[in-house]
Amino acid sequence: MTDFKSLGVSPRLLGRLDDMGLTAPTPIQEQSIPEVLQGRDVMGLAQTGTGKTLAFGLPLAQRLAQMHGKPKPKTARALILAPTRELAKQIEASLKTLTTGTPTRVFVVVGGASINVQTDRLSRGIDILVATPGRLMDLLERRAVDLSETGYLVLDEADQMLDMGFIHALRKIVRYLPDERQTLLFSATMPKLMSEIAGAYLNDPVRVQVSPPGKAADKITQAVHFVPQGDKAKLLESYLDEHRDELALVFSRTKHGAEKLMKLLVSWGFAAASIHGNKSQGQRDRALAAFKAGEIRVLVATDVAARGLDIPAVRHVYNYDLPNVPENYVHRIGRTARAGADGRAVAFCSPAEMGELKDIQKAMKMEIPVIGGAAWAKPATEDKAKPGKKPNRARRRNRPANKGQARRAA
């Protein structure tokens, strides 16, 4: 049986892993850690919840520990980019736990927090800087951070960064980095643009893949319930009533929809909260803390919570609205069945969402079992468009108007 010691992990970090209760590496960790320790660029593909943070964080912490002295003012020895505030803060928390008792210092910069406080902290230099692209660009434009000596770049959940329209920010950020660096890219899916990014920013990378892109965790029981849009709220109430003592995560497509649904659930007696792009960082942090502590049982969220939330107690995920991007379905339901536990994911599908459901099943290469209702017939407007006009696809009305909407949600 492979253990962390056999992968070349240092005795000091082995002690930290023991304190954290981690004895055996996951497949993505087993394949990635030795390559990173050898200085290779790595492109890692693995489904959500497989331990990707430790796969790059552990060898990165070890390599940084071998460096002498403190980082220069305003510099960062390593940069980790993440698409959302929640994921960035989750990475920071994991790495701080890992590096407790070592000289390595970890700091996170995200939107919604004081940029002046961040600027002050960066002025002293950082070992590992975790950042969202938007806030990092703000800091670079203010000359509050210097990436010219950053020897390590990690792109975590890189596919979501592309989905959220961060490709232009990413290209700008990379110009601030030295050409001589080690670059690690981790993602759950591999869209075409991702291959182009890997070709442009990685040097002869090792490709590590431990599960087919788009595959959900095996312990997630999936189901779809066909229901009219107007009946979704009452259907959700009936499902939540079955397990009021268990944690449930509910995904809504829009910020307004998430807030409205949360308030409705509270009026029905559920202990619920919401997180989305219209919430301040403090509000989002408090809602997540209450959810983790079990003080609230239902968290209604947009896709800002689709990745990076590692809450093992989440037993149920409800896709109240189906996602516009098929791959996001996999990430959403990956919030359950964490740490080897079982979980259930139920998708509510209205007539206007049949196209989204079809795309999801195509991406996953499977049919999701039907637990209620019957599949809706294809809308007649899709087959009988007037001459000279494009078909009036109802599902188009639900797509974001532009990438800026997604960026603001983060």
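Is Y318 buried or exposed, and what is its relative accessibility?

1. The structure is a predicted model. In it, Y318 has a relative accessibility of 0% and therefore counts as buried, since the cut-off for a buried residue is under 20% relative accessible area.

2. Y318 belongs to strand 12 (residues 314-319), whereas F348 belongs to strand 13 (residues 343-349). The rings of Y318 and F348 form a tilted aromatic pair, with 6.2 Å from centre to centre and 45° between the planes. This pair links distant parts of the chain, as the two residues are 30 residues apart. F348 also has a relative accessible area of 0%, so this residue is buried.

3. F348 forms a tilted aromatic pair with Y320 as well, at 6.2 Å centre to centre and with 55° between the planes. Y320 lies in the loop between strand 12 and helix 13 (326-333), 28 residues from F348. With a relative accessibility of 11%, Y320 counts as buried. Ring pairs join Y239, Y318, Y320 and F348 into a cluster. The model holds five aromatic pairs.

4. Strand 13 is paired with strand 8 (residues 220-226) in the parallel sense, over seven bridges. Within this pairing, F226 has C349 as its bridge partner. Strand 12 also runs parallel to strand 13, and four bridges join them. Here V317 has A345 as its bridge partner.

5. Elsewhere, seven strands make up an open sheet with parallel pairing, in the order 3-4-2-5-6-1-7. Strand 3 (106-109) and strand 7 (206-209) are at the edges; each has a single partner strand, so one side of each lacks a neighbour in the sheet. On average, neighbouring strands of this sheet are turned by 15° against each other, direction ignored.

6. Strand 5 (residues 152-156) and strand 6 (residues 182-187) run parallel and are joined by five bridges. V154 stands opposite L184 of strand 6. Helix 4 (residues 85-98) lies across strand 2 (76-81), strand 3, strand 4 (126-131) and strand 5, and runs at about 170° to strand 3.

7. The largest nonpolar core has 39 residues, of which L79, L81, L129, L136 and L155 touch the most other members. Helix 8 (residues 167-175) gives the most to this core, namely five residues. Leaving aside residues up to four places away in sequence, L81 touches several residues, among them A131, P133, L136, V154, L170 and I173. A second, separate core of 37 residues includes V36, V42, A46 and I80.

8. Two charged residues are placed over aromatic rings. R244 lies over the face of F270, at 3.9 Å from the ring centre.

Note on methods. Residues are numbered from 1 along each chain as its sequence is written. This is a predicted model: local features need pLDDT of at least 70, side-chain atom pairs count only at pLDDT 80 or more; totals for chains, interfaces and linings use all residues. Side-chain values use heavy atoms; hydrogens and water are left out. Two strands pair if DSSP finds at least two bridges between them. Axes are lines fitted to C-alpha atoms, for helices over the stretch in contact, and angles run from 0 to 180 degrees between N-to-C directions. Contact means heavy atoms within 4.5 Å. Rings of Phe, Tyr and Trp (its six-membered ring) pair if their centres lie within 6.5 Å; planes under 30 degrees apart count as stacked, over 60 as edge-to-face and the rest as tilted. Buried means under 20% relative accessible area, exposed over 50%, partly exposed in between (1.4 Å probe, protein chains only). A charge sits over a ring if NZ of Lys or CZ of Arg is within 6 Å of the ring centre and within 35 degrees of the ring normal. A nonpolar core is a set of buried Ala, Val, Leu, Ile, Met, Phe, Trp, Tyr and Cys residues joined through side-chain atoms within 4.5 Å.
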